[in-house]
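Let us read a structure together, one feature at a time, with the general idea before the particular case.

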Amino acid sequence: IPEDFSINTSTFTELGADADTIELRRDVRMIERNPQKYCADRCVSTGHCEVLEDMFHLDASEVVKFCTDCVLSEDEEPCDIPQEMLDAELPNLSLKP
């Protein structure tokens, strides 16, 4: 992940309130604390990318591409962040390519 790239979702709580709320909260917390772990363990490995899909209105393939190219990449080269992520109007969310 590029050195100056950060995701802060501390006030992003309106993802849903159904039976999966506990798992949803865990995933949001994982994105906040360790986006590499979320991308590797939840998204790329299992295909469960719903949190980022819902946050940024992306499809699963776009989220997997973001995770592999930006979050999990060991390159310090800039990556292509989907425009939807850059345009997102979420409180306390900072995406810096």
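Q: Which are the buried residues of H4?

A: A word on the source comes before the case: this is a predicted model, in which local features need pLDDT of at least 70 and side-chain atom pairs count only at pLDDT 80 or more, while totals for chains, interfaces and linings use all residues. Residues are numbered from 1 along each chain as its sequence is written, and side-chain values use heavy atoms, with hydrogens and water left out. Buried means under 20% relative accessible area, with exposed over 50% and partly exposed in between (1.4 Å probe, protein chains only); helices are DSSP runs of H or I, at least four residues, numbered from the N terminus. In H4, Val63, Phe66, Cys67, Cys70 and Val71 are buried.

Q: Where do these residues fall, seen down the axis of H4?

A: An α-helix has 3.6 residues a turn, so residues three or four places apart point the same way. The buried residues of H4 fall within an arc of 105 degrees (taken from the directions from the helix axis to the C-beta atoms), so they line one face of the helix.

Q: What does the disulfide of Cys67 join?

A: A disulfide is a pair of cysteine sulfur atoms within 2.5 Å, and here Cys67 is joined to Cys39, with S to S at 2.1 Å. Because Cys39 lies in helix H2 and Cys67 in helix H4, the pair ties together parts that are 28 residues apart in sequence. The torsion about their S-S bond is about -60 degrees, so this disulfide is left-handed.

Methods: Helix = DSSP H or I, 4+ residues; strand = E, 2+ residues; numbered from the N terminus.
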